[in-house]
Amino acid sequence: MKPIVDYEVAATVDPTPLNLLTPDTDFQKYHTTWLEDKWFPFMGFVLGAGSVWYTYTLNRRPFYSGIHVQLGAGIVGAAALYYYKQYRTSYLADRDAMYRHYIQLHPEDFQAPERKKVGELFKEWVPVR
């Protein structure tokens, strides 16, 4: 079984903030799934139709009554969360671009951290018995 972290690659990664904020060329290949673009609209439909169904249940109406209202609420919920996902993606991309630009303008404030091993982080410890 392949480990989750490839330690040889992790040891050679440049830890400067600018490189950490810049996506790799194969970012889309490893960070997207077949369900990613369908999840938000699906949950919007479920929440929209489910809220109407829940209201009908509290009012003791049959679940099949007003099916057009449930479908309409589901479609509105799916559209709302679809556009929310687009807005969120563009907002996060703009934020990362702003961070990258600031780091490029002020590299003296973002020096690469000194690499230390775990053994160097611990203090000398003597057990008290």
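These legends accompany close-up views of a predicted model.

**View A. A nonpolar patch on the surface.** Let's start with W34, L35, W39, F42, F45, V46, I67, L71 and I75, which together form a nonpolar surface patch with about 910 Å² of accessible area. Two elements, α4 (36–58) and α5 (67–105), each give two or more residues to the patch. The most comes from α4, with 4 residues.

**View B. A salt bridge between E36 and K85.** Here the two side chains meet at 3.6 Å, N to O. E36 belongs to helix α4 and K85 to helix α5, so this pair ties together parts that lie 49 residues apart in sequence.

**View C. A salt bridge between D37 and K38.** The side chains of D37 and K38 come together at 3.3 Å, N to O. D37 is exposed, with 52% relative accessible area, and K38 is partly exposed, with 43%.

**View D. A salt bridge between R95 and D96.** In this close-up, the side chains of R95 and D96 meet at 3.8 Å, N to O. R95 is partly exposed, with a relative accessible area of 32%, and D96 is also partly exposed, with 23%. For orientation across the views, a search of the whole structure finds 3 salt bridges.

How values were computed: Residues are numbered from 1 along each chain as its sequence is written. This is a predicted model: local features need pLDDT of at least 70, side-chain atom pairs count only at pLDDT 80 or more; totals for chains, interfaces and linings use all residues. Side-chain values use heavy atoms; hydrogens and water are left out. Patches are made of residues with over 30% relative accessible area and no salt bridge: like charges are joined within 9 Å, nonpolar side chains (Val, Leu, Ile, Met, Phe, Trp, Tyr) within 5 Å. Accessible areas come from the Shrake-Rupley method with a 1.4 Å probe; for residues, only the protein chains shown count as cover. A salt bridge is a side-chain nitrogen of Lys or Arg within 4 Å of a carboxyl oxygen of Asp or Glu. Buried means under 20% relative accessible area, exposed over 50%, partly exposed in between (1.4 Å probe, protein chains only).
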